[in-house]
Amino acid sequence: MPLSSLKPKMRPHSSLKQEFLKKWIMGLQRCSFSKKNMSILERKKAIKFSADIAMASARNGTTCWSRSLISNASKEGSDIHVVEQILGSESDRPAVENKVPTRRASVCKKIVKRSCRIRRRRRRRKCVASAPSSIAKHLVRKRREVLKSLIPGGEFMNEICLIEETLDYITSLRVQVDVMRSLASASVRASE
Amino acid sequence: MSNRRSSRQSGGGVSRISDDQIIELVSKLGQLLPEIRNSRSDKVSASKVLQETCNYVRSLHKEVDDLSDRLSQVLATIDADSAEAAIIRSLLK
């Protein structure tokens, strides 16, 4: 079964940028309503947090890393309203019920737990290593482990999934960086 | 070649991962990375691609962090007015 055909990857860059920007600003505004006097560090955390959630939600749950990121973020109780604000904006489809954020979070946790169990089972079976080229494979496996630690939810993915998710994750990160950078330079110009 | 993973190793699991799939995905990943895209030789090992990927993801994370820092200083208050003005400007580009 070709995995790559299941995930929609061809998204025009500009629309992704705008969607991210829209959700991010929404998240930022939600932050400002709750805390009036924020320290710089708090502000920075809020900015980064909103940006990450916006980036993940722009994927509409189609990728594993985005679901994992949102599920992890939903665990932090104090900022759940930001998550709900951003996620709530995409429930324009009639099939989606009101409890989308929390339901998705619990579905995410279930998927994550299930994948964890499967992963453990797979790992036990793979304990054969006697071929001479296993050294090369071991090296690649090390790098793969590092990559898994960098991608949200990476530790539950197999090789193919990991690389596909990485491709999408890098694309999204770049969009995030682009938008943040242009907002930063636009804000600097605005304040001059 | 170091990036050839024989399918017999992944046999016994639920999915058979073919070499070609992995090679294709790894090359796609290589296309994304600035390091590898610029110095494009014919054979780039999977190990190098993975290494560059990790470095690139880390550097992107760092950039997001730095930008958040800058933005937290520049956006004196996260309010609708200044954010909207900046949005309009950046969207017009």
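1. In chain B of this predicted model, contacts with a separation of 6 or more include 15% between residues 24 or more positions apart. For chain A the corresponding share, for residues 24 or more positions apart among contacts with a separation of 6 or more, is 68%. Keep these two values in mind when looking at how each chain is put together.

2. Chain B has five helices and zero strands. Read from one end of the sequence to the other, its pattern is α-α-α-α-α. Chain B contains 93 residues, and 35% of them count as buried. Its accessible surface is about 5400 Å², with 50% of that area belonging to carbon and sulfur atoms.

3. Chain A has seven helices and zero strands. Starting at the N terminus, its elements follow the order α-α-α-α-α-α-α. Chain A has 192 residues, of which 44% are buried. The accessible surface of chain A is about 10300 Å², and carbon and sulfur atoms account for 55% of it.

4. Which two helices of chain A have axes that come within 10 Å and cross at roughly 35°? They are α2(A) and α4(A), the latter covering residues 80–88. The crossing of α2(A) past α4(A) is right-handed. On the α2(A) side, the residues in contact are Phe49(A), Ser50(A), Ile53(A), Ala54(A) and Ser57(A). On the α4(A) side they are Val82(A), Val83(A), Ile86(A) and Leu87(A). Sorted by class, this contact has seven nonpolar residues, two polar ones and no charged ones.

5. Ser74(A) sits in the loop between α3 (64–73) and α4 of chain A. Is Ser74(A) buried or exposed? Its relative accessibility is 16%, so Ser74(A) counts as buried; the cut-off for buried is under 20%. The C-alpha atoms of Ser74(A) and Ile53(A) are 9.8 Å apart, while in sequence the two residues are 21 residues apart. Ile53(A) is also one of the α2(A) residues that meet α4(A).

6. The next points concern charged pairs. Side chains of opposite charge can pair when their charged atoms come close. How many salt bridges are there over all chains? The count is nine. Some of them are described below.

7. Within chain A, Lys17(A) and Asp178(A) form a salt bridge, with the closest N and O atoms 3.8 Å apart. This pair links distant parts of the chain, since 161 residues separate Lys17(A) in helix α1 (residues 13–34) from Asp178(A) in helix α7 (residues 159–191). Asp178(A) has a relative accessibility of 29% and so counts as partly exposed. Lys17(A), at 31%, is partly exposed.

8. Lys44(A) and Asp65(B) form another salt bridge, and here the closest N and O atoms are 3.1 Å apart.

9. Which residue of chain B meets the side chain of Arg181(A) in a salt bridge? The partner is Glu63(B), at 2.1 Å from N to O. This pair, too, crosses between chains, with Arg181(A) in helix α7 of chain A and Glu63(B) in helix α4 of chain B. Arg181(A) counts as partly exposed because its relative accessibility is 37%. Glu63(B) counts as partly exposed because its relative accessibility is 26%. Leaving aside residues up to four places away in sequence, Glu63(B) touches Val177(A) and Arg181(A).

10. To trace these pairs in the structure, begin with helix α7 of chain A. Asp178(A) in this helix pairs with Lys17(A) of helix α1, and Arg181(A) in helix α7 pairs with Glu63(B) of chain B. Then turn to helix α4 of chain B, where Glu63(B) is found.

Conventions. Residues numbered from 1 in each chain as written. Chains lettered and ligands numbered in written order. Predicted model: local features only at pLDDT ≥ 70, side-chain atom pairs only at ≥ 80, totals over all residues. Heavy atoms only, no water. Salt bridge = Lys/Arg side-chain N within 4 Å of Asp/Glu carboxyl O. Helix = DSSP H or I, 4+ residues; strand = E, 2+ residues; numbered from the N terminus. Buried < 20%, exposed > 50% of the residue type's maximum accessible area, 1.4 Å probe, protein only. Axes fitted to C-alpha atoms, helices over the stretch in contact; angles between N-to-C directions. Left-handed = near helix turned anticlockwise from the far one by under 90°. Contact = heavy atoms within 4.5 Å. Nonpolar A, V, L, I, M, F, W, Y, C, P; charged D, E, K, R; others polar. Areas by Shrake-Rupley, 256 points an atom, 1.4 Å probe, with all protein chains shown as cover.
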